[in-house]
Amino acid sequence: MPTRRRAFLILLSLGLLAAASFGLALTVGSYKVAPADVLAALLGHEGGAGDVVLQLRLPRALAGFACGGLLALAGALMQVLLRNPLADPYVLGISGGAGVGAMFGILLSLPVIGIDGLAFLGALGAMLLVFGLAHGDGSWTQTRLLLTGVIVAAGCGALVALMLAIAPEHKLRGMLFWLMGDLGQSGQWWPPVAALGVALIFAMPFARELNLLARGLMQAQALGVAVNRLRYAIYLLASLATAASVTTAGSIGFVGLVVPHLVRLTTGNDQRLLLPASVLAGGSLLVLADTLARTIIAPQQLPVGVLTALIGVPVFLFLLSRQPK
């Protein structure tokens with residue numbers, strides 16, 4: 001089968017999966033909506049379940065798809081950057097920095113926009129701190145970057161634990177839901193969607209160079225790749241994608257770890273296909289997980305991060321067992 005045809009079929013299949021996940025998200029819930037009513041609402045017909053579909057479920061599904069796509073894209077980029085198929089965007093402390101900012105905002109009783117703003121500033125601050133410490137004398141290695149990220153993440157975790165310890169009891173539930181990932185508290189849907197579009201537009205031109213970098217540092221340099229500039233650009237892009245997702249939906253783990261690796265097993269390591277396929281798969285997974293989170297014990301809702309972890313842990317252990325010793 002020709003490569004282009006195979007790529008088209010893979011992306012088409014994932015696109016149909018994304019469409020199916022949206023269809024399920026719009027129809028299923030504590031209040032079930034018939035597919036005909038969903039279609040009528042999307043076409044602009046008033047009445048019926050239009051408000052439920054257009055005001056509640058569709059924005060939440062769009063935000064969930066964008067956040068899942070951002071995490072999967074960041075994971076795919078980090079796995080190439082660190083040349084480790086089990087790398088995760090959260091290992092570099094970006095999520096921890098966002099958590100510190102968000103917890104501080106909740107402690108100050110700020111509105112949602114203030115909490116989101118502090119979360120993004122925390123993620124940005126953690127990114128700059130990790131980059132600055134790992135850069136050190138003007139150069140950095142994958143190992144140095146990874147170790148610096150783990151240390152910064154541990155420090156952020158300690159600060160989050162401290163704020164949870166001193167927080168008033170009436171604020172603890174909101175803080176814990178944010179830390180576990182919760183799309184129910186996401187505000188506008190368009191910022192993560194816009195961030196996903198921008199991230200994908202900037203990432204795709206690097207696909208060919210990333211393919212060369214995946215072969216090895218020396219080979220990429222020999223073939224004319226500006227490796228240092230590429231690594232800085234990819235690190236910045238992956239960090240900002242993670243920050244945009246965490247700011248919207250809180251800390252949702254394992255999407256950026258598991259999805260790119262599973263997609264790679266299916267599509268191969270060609271970044272021209274892997275990056276958009278990871279976005280579609282990651283977005284679909286998070287929409288489906290969020291739909292399950294709000295229906296499994298409806299009308300109560302579970303944090304979506306709990307379900308992604310329950311799915312991700314056994315998959316991660318399976319993938320780990322398949323790694324060569």
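In the predicted model, Ser109 is situated in the loop that connects helix 4 (94-107) with helix 5 (112-135). Its phi is near 60 degrees, a positive value in a residue other than glycine. Most residues other than glycine have a negative phi. The relative accessibility of Ser109 is 53%, and the residue therefore counts as exposed, the threshold for that class being over 50%.

A positive phi also occurs at Phe254, where the angle is about 75 degrees although the residue is not a glycine. Phe254 belongs to the loop between helix 11 (227-249) and helix 12 (255-267). With a relative accessible area of 23%, Phe254 is classed as partly exposed, because this value falls between the limit of under 20% for buried residues and that of over 50% for exposed ones.

Read from the N terminus, the order of elements is accordingly α-α-α-α-α-α-α-α-α-α-α-α-α-α. The C-alpha trace spans about 65 × 60 × 35 Å along its principal axes. The radius of gyration of the protein chain is 20 Å, which agrees with the value near 20 Å that a compact globule of 325 residues would have. Of the contacts in the protein chain with a separation of 6 or more, 75% are made by residues 24 or more positions apart.

Buried residues account for 48% of the 325 residues in the protein chain. The largest nonpolar core contains 82 residues, and those with the most contacts inside it are Leu77, Met103, Leu145, Leu210 and Ile252. Helix 3 (residues 50-81) supplies the largest share of this core, with 15 residues. For Leu210, when neighbours within four places in sequence are left aside, the contacts comprise Leu77, Val80, Leu230, Ile234, Gln271 and Leu275.

As regards charge, the protein chain carries 19 positive and 11 negative side chains. The centres of these two sets are 15 Å apart.

Conventions: Residues are numbered from 1 along each chain as its sequence is written. This is a predicted model: local features need pLDDT of at least 70, side-chain atom pairs count only at pLDDT 80 or more; totals for chains, interfaces and linings use all residues. Side-chain values use heavy atoms; hydrogens and water are left out. Helices (H or I, at least four residues) and strands (E, at least two) are DSSP runs, numbered from the N terminus. The radius of gyration is taken over C-alpha atoms; the globule rule is 2.2 Å times the number of residues to the power 0.38. Buried means under 20% relative accessible area, exposed over 50%, partly exposed in between (1.4 Å probe, protein chains only). Contact means heavy atoms within 4.5 Å. Lys and Arg count as positive and Asp and Glu as negative; His and the chain ends are not counted. The place of a charge is taken as NZ of Lys, CZ of Arg, CG of Asp or CD of Glu. A nonpolar core is a set of buried Ala, Val, Leu, Ile, Met, Phe, Trp, Tyr and Cys residues joined through side-chain atoms within 4.5 Å.
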